[in-house]
Amino acid sequence: MTKYAIDPELTPWLAMLPEIDLSDLSLIRERTGEVQNLIPPVVVPDGIEIREVTIPGHDGYDIRTKVYTPTGLDGLRPGFLSIHGGGFVLGDPELTEQFSVDIAAAAGAVVVSPDYRLAPEHPFPAGLEDCYATLEWLAANTTELGVDPDRIAVGGASAGGGLTAAVVLLARDRKGPAICFQLLEVPELDDRLETPSMRAFVDTPLWNRPSAEYSWKYYLSGTPETLGLQYAAPSRAEDLSGLPPAFVSVCEFDPLRDEGIIYAQRLLEAGVSTELHHYRGTFHGSGLVAGAEVSKRMASDVMDAIRRALN
């Protein structure tokens with residue numbers, strides 16, 4: 001890993017990062033606490049209410065969902081569907097709870113984060129349908145939630161970014177809820193694994209080509225019958241027109257780097273207003289080192305983009 005020109009503030013942490021080996025999924029799920037231990041305890045400021053709700057899914061599955069509501073605000077608030085990452089096979093809303101809390105506090109938004117089903121036990125399209133059903137629930141309950149139906153956004157990182165792109169495509173094609181903004185942080189978008197960064201980064205920290213291979217293998221292990229493959233891997237979508245404005249971020253030493261850049265370029269070519277950020281010296285998940293200046297800049301850019309889009 002030292003052969004990569006990783007930001008000097010990040011390099012001391014490399015030895016402490018867990019090795020993500022998805023070849024033994026049961027073992028890595030048992031060890032997810034190693035990643036959680038790197039994440040500081042969630043800080044919830046005054047004025048943010050957290051509760052759980054159960055949302056009915058499209059196929060009878062009840063979706064546990066966390067709702068983060070800013071209190072004491074006048075008027076309608078924006079809504080934000082926050083989709084956690086984890087390579088389609090790991091994670092839950094608690095994994096990215098600080099992110100959801102921060103959006104609620106910074107943008108005054110009602111944030112909903114679903115505990116969507118994971119592969120390989122529930123391959124595509126199960127997790128995607130859970131995320132989409134959560135979007136529908138948010139849009140259908142704007143009055144109760146105090147949400148402005150014209151200011152609903154969707155966002156996530158890694159697999160959460162890929163699911164965000166897919167949810168946005170579904171909403172367009174199903175003529176579903178209106179979405180005003182999509183946040184695609186280091187998104188996992190392309191199952192073909194053919195980009196230069198995907199070929200090159202076989203041993204990068206936290207995420208690399210072997211991880212991506214297993215991730216897509218598990219996610220696509222079922223036989224899609226009701227949805228096309230472009231909703232599993234949005235990079236395959238031929239038409240990106242008519243989608244909401246986007247923020248796309250990529251890391252220099254991340255196998256997902258090039259597919260994010262290409263997707264952003266294609267959004268621009270399709271007439272979608274898109275902001276693209278590439279962060280030098282970073283790797284997938286390097287934001288865990290929250291004290292590094294580049295991590296602070298990444299987090300600030302994301303929150304600024306969300307505030308601009310929603311307010």
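**Labels and their cut-offs**

Me: Which residue takes a positive phi just after H3?
Reply: Gly 108 does, with a phi of about 60 degrees. This is a predicted model, in which local features need pLDDT of at least 70, side-chain atom pairs count only at pLDDT 80 or more, and totals for chains, interfaces and linings use all residues. Residues are numbered from 1 along each chain as its sequence is written, and side-chain values use heavy atoms, with hydrogens and water left out.

Me: Ala 105 is in H3. Why is Ala 105 called partly exposed?
Reply: Buried means under 20% relative accessible area and exposed means over 50%, with partly exposed in between (1.4 Å probe, protein chains only). Ala 105 has 42%, so it is partly exposed. Phe 99, Ile 103 and Ala 107 are among the buried residues of H3.

Me: What does Ala 105 touch, beyond neighbours within four places in sequence?
Reply: Ala 105 is in contact with Pro 45 and Ile 48. Contact means heavy atoms within 4.5 Å.

Me: What do the buried residues of H3 pack against?
Reply: Strands E1, E2, E3, E4 and E6, and helix H10 (293-310).

Me: Why is H3 called oblique to H10?
Reply: Two packed helices are described by the angle between their axes and the distance between the axes. For H3 and H10 the angle is about 50 degrees and the axes are 10 Å apart. That makes H3 oblique to H10. Angles under 35 degrees count as roughly parallel, over 145 as roughly antiparallel, 65 to 115 as roughly perpendicular, and the rest as oblique. Axes are lines fitted to C-alpha atoms, for helices over the stretch in contact, and angles run from 0 to 180 degrees between N-to-C directions.

Me: Is the crossing of H3 and H10 left-handed or right-handed?
Reply: Right-handed. A crossing gets that label if the near helix is turned clockwise from the far one by less than a right angle, and is left-handed if anticlockwise.

Me: Which residues meet there?
Reply: Phe 99, Asp 102, Ile 103, Ala 106 and Ala 107 of H3 meet Val 302, Met 303, Ile 306, Arg 307 and Leu 310 of H10. By class they are eight nonpolar, no polar and two charged. Ala, Val, Leu, Ile, Met, Phe, Trp, Tyr, Cys and Pro count as nonpolar, Asp, Glu, Lys and Arg as charged, and the others, Gly among them, as polar.

Me: What makes H4 oblique to H6?
Reply: The axes of H4 (residues 126-140) and H6 (residues 159-173) cross at roughly 60 degrees and come within 10 Å. That makes H4 oblique to H6. Their crossing is right-handed. Leu 128, Cys 131, Tyr 132 and Leu 135 of H4 meet Leu 163, Ala 166, Val 167, Leu 170 and Ala 171 of H6. The classes come to nine nonpolar, no polar and no charged residues.

Me: How many aromatic pairs does a search of the whole structure find?
Reply: Nine.

Me: Why is the pair of Tyr 4 and Phe 201 called edge-to-face?
Reply: Rings of Phe, Tyr and Trp (its six-membered ring) pair if their centres lie within 6.5 Å; planes under 30 degrees apart count as stacked, over 60 as edge-to-face and the rest as tilted. Here the centres are 5.6 Å apart and the planes at 85 degrees, so the pair is edge-to-face. Tyr 4 and Phe 201 lie 197 residues apart.

Me: What about Phe 201 and Phe 253?
Reply: Their centres are 6.0 Å apart and their planes at 75 degrees, so this pair is edge-to-face. Phe 201 lies in the loop between H7 and H8 and Phe 253 in E7, so the pair ties together parts 52 residues apart in sequence.

Me: Why does Val 147 count as buried?
Reply: Its relative accessibility is 1%, so Val 147 is buried. Val 147 lies in E5. Its contacts beyond four places in sequence include Leu 76, Val 110 and Leu 138.

How values were computed. Helices (H or I, at least four residues) and strands (E, at least two) are DSSP runs, numbered from the N terminus.
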